[in-house]
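Please keep the sequence and the structure in view while reading.

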Amino acid sequence: MKIRISISSLLLASTLISFSQNFYFPKKNYNDSTILAKSLPKLAEQLQESLTISWTEVSMNTKMNLALAAKQYENALIYLDSLRLPFNEDYKYGVFVPYEVYAKVQNNIDDNTTFKTLLESQFTQTFTSINVPSQEIIESNAMVSVDGFKKSFETILEQRKASDTIQMKEAIQLIRMFNVYNVFKETVPTLKSVIETYSQKTYTIETANIKVRDSSKLRAHIVRKKNREEKRPTVFIFNIYADSIRDIGRAKFYANKNYNCVVANTRGKSIEGKEISPFEYDGKDAHDIIDWISKQNWSNGEVGMVGGSYLGFGQWAATKQLHPALKTIMPQVAVGPGIDYPMNGNVFMSYMLRWINYVTSNRTTDYKDFSNVIKWNSIYKKWYENGASFRSLDSIEGRPNTVFQRWLDHPSYDSFWQDMVPYKADFSRIDIPVLTTTGYFDDDQMGALYYYKQHHKHNPDAEHYLIIGPYSHGGAQLYPEKEVYGYKADSVATSFNFRNRSVEWFDHILKGTPQPSFLKDKVNFQVMGTNTWYHSNSLSEMSNDTLTLYFSTTKLGANYTLSPNKSAGYIEQKVDFKDRSDTVNFKFEVLKDSITSDIPNSVSYVSEPFEKPTIISGSFINSIKASINKQDVDIVIKIYELMPNGKYFSLFSASGFSTLQRASYAMDRTQRQLLQPEKKETINISTSYITSKQVDKGSRLVVALGINKNPNWQINYGTGKDVSDETIADANEPLIVKWYGDSFIKIPILKE
């Protein structure tokens, strides 16, 4: 993940006030840019006056924009400081800098100084006085499309020019868009010049095309701090998200910490050449790039790798064929290809096509298409409602995709996936120190923990540490969010950032400094609700007791009970795969007033209230006893804490489920074993996400046990054929599933 503060955040606001009031604003204002610029301050003042009564309800964003347009620059600066408050301390002073500098210059300009001179001086002073992460934010501002802002602004003018009046909501929108366009038009050229001048003075920045063993060439950016000529260790980042400005920005952070930094793009990115084939060649290519780094005259022959998500995978790929120069890796929220992406529990996700196009549609990174959530949701919905095969998803999108089709040809965790990263005995040969980071709300937690478990399983003496807490996918890579999907995380979990953690780790391994104090043991986990870090020697030691509850057939209102005792009989559930009326898109929030929309096609079970505060910590184990009238089924389990105040707390990942599992792969992800229709089967599922939270006295657990059926995942019709080829024509009669009362869930408990 990159640091990306969207300019759109400046265009959005939410208030509780009415926007229906009309203002006189003659249409002639729209036809002349000079007249418009002179008339907007008066309009801004009118809006401020009208909003005086409800001023406390007005968003800080709107206050800042009105003050800026009204030329009240000191007030605008005060509001900008308030807008920065929610951002992480490590980069907050890079946020909104073009607005800040513009307001300061306008507030201080006089007859003796030109706007451009003062602007350059102010940008230089600001840029050189802040840290590298904040500088990265400013550099991203310099990359924006001023022409794009101009076009958006002109669109608004075109929409308004036929009327002599304007509603409050429209007036605020007009002023915001004017500010965005005007500020960036006036500041971006100078900002680019200041950044370039500073970079030339501070860093040595080079670009190289590195030839790997099959003669393919890979593009790499090398950044080193100037005036430091001694050989140094190198931080290597292997990045599929090719973007030279952002790649160099990331490298500057480590160069500033007295490391060489090489950011290389995976094959096919940034440079013409081979087909872009995510995951497939990264291990060999990473090995060859490390070899190249080790032979450079600025290298001391020692390399450490870091990065998150796909970049975390790249580090594990590099250990498949371990180069002697690679001394450590720090994989963050590492993707496990074939484990948690592009499938989870051997169920392919619709998102895979969106991501494939994101990284393969051009030689850089297709941010625009990837960010078009409305488009992609409509494609998933169209596929779902049509009942077409999952394999046809790329045709529905309009661009047949060979990578998408190739992945679908491997629904088992077969050699195709196994060859990408270490597998079984390969882990026994990984003898370098490793630091893994992930989060309870990270959708790639399953991949990150797969590597962790396999490494310790095959190499019991592995020097492999884990940090896990209430983090999202992005938060466990860079800067933990203080509020994660609506949950205000404990302060001890958000009081640091993972970038600085990586420097401490590299300093320890590559420079011999003491082991970082945050690594008290192999597993370092934050228990939500306690504001405390806990430490254990293994994942299994995150708990020291187990609460076993059975999926009872006893009714409790609209639900059933989670009971300490098994019960006879079963609950019968019917799922009609022909019915496509349920196309509501799931939105994840940790805290919810209701979970009704979260759990379609499910049966809910509720426990008795906890008699005292209890720490639930670790991985849940499910043993499902069920029979179905088909040969296969995709099982979903979602788990919540129902708190005494009536709110629901989702204990697991941003996908919302603790478990998604194709039943035919529950025993062995590498080989499909179909179910026998109408036969009671035992489906043991031990691959749930993990969590750690102190639940309140009086809280209950709610477990939703059900069937996957939604636009975001493959639909398993249960015929036993390749699920990617099944269509709604295979639905036939509805699925009938019997959930037996001797099914149970084991809940990990930490007693102190």
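## Overall form

The protein chain has 752 residues, for which a compact globule would have a radius of gyration near 27 Å; the value for the chain is 28 Å, so the two agree. The model is a predicted one. Taken along the principal axes, the box filled by the C-alpha atoms is roughly 90 × 65 × 55 Å.

The protein chain contains 20 helices and 31 strands. Of its 752 residues, 59% count as buried. Among the contacts with a separation of 6 or more, 76% are between residues 24 or more positions apart.

## Helices α4 and α5

Two packed helices are described by the angle between their axes and the distance between the axes. Helix α4 covers residues 97-108 and helix α5 covers residues 115-128; their axes come within 9 Å and cross at roughly 135 degrees. Because of this angle, α4 is oblique to α5. The crossing in which α4 passes α5 is right-handed.

On the α4 side, the contact is made by Val97, Pro98, Val101, Tyr102, Lys104, Val105, Gln106 and Asn108. On the α5 side, Phe115, Leu118, Leu119, Gln122, Phe123 and Thr126 take part. By class, the residues of this contact are nine nonpolar, four polar and one charged.

## Helices α6 and α9

How do the axes of helix α6 and helix α9 cross? Helix α6 (residues 132-141) and helix α9 (residues 244-255) have axes that come within 9 Å and cross at roughly 165 degrees. An angle over 145 degrees counts as roughly antiparallel, and α6 is therefore roughly antiparallel to α9. Here too the crossing is described by its hand: α6 passes α9 in a right-handed crossing.

In this pair, Val132, Pro133, Glu136 and Glu139 of α6 meet Gly249, Arg250, Lys252 and Phe253 of α9. The contact of α6 with α9 comprises three nonpolar, one polar and four charged residues.

Ala171 lies in helix α8, which spans residues 168-202. Is Ala171 buried or exposed? Buried means under 20% relative accessible area; Ala171 has a relative accessible area of 0%, so Ala171 is buried.

Leaving aside residues up to four places away in sequence, Ala171 touches Leu43, Leu47 and Ile166. Ala171 and Ala44 are 127 residues apart in sequence, and their C-alpha atoms are 8.3 Å apart in space.

Conventions:
Residues are numbered from 1 along each chain as its sequence is written. This is a predicted model: local features need pLDDT of at least 70, side-chain atom pairs count only at pLDDT 80 or more; totals for chains, interfaces and linings use all residues. Side-chain values use heavy atoms; hydrogens and water are left out. Axes are lines fitted to C-alpha atoms, for helices over the stretch in contact, and angles run from 0 to 180 degrees between N-to-C directions. Helices (H or I, at least four residues) and strands (E, at least two) are DSSP runs, numbered from the N terminus. Angles under 35 degrees count as roughly parallel, over 145 as roughly antiparallel, 65 to 115 as roughly perpendicular and the rest as oblique. A crossing is left-handed if the near helix is turned anticlockwise from the far one by less than a right angle, and right-handed if clockwise. Contact means heavy atoms within 4.5 Å. Ala, Val, Leu, Ile, Met, Phe, Trp, Tyr, Cys and Pro count as nonpolar, Asp, Glu, Lys and Arg as charged, and the others, Gly among them, as polar. The radius of gyration is taken over C-alpha atoms; the globule rule is 2.2 Å times the number of residues to the power 0.38. Buried means under 20% relative accessible area, exposed over 50%, partly exposed in between (1.4 Å probe, protein chains only).
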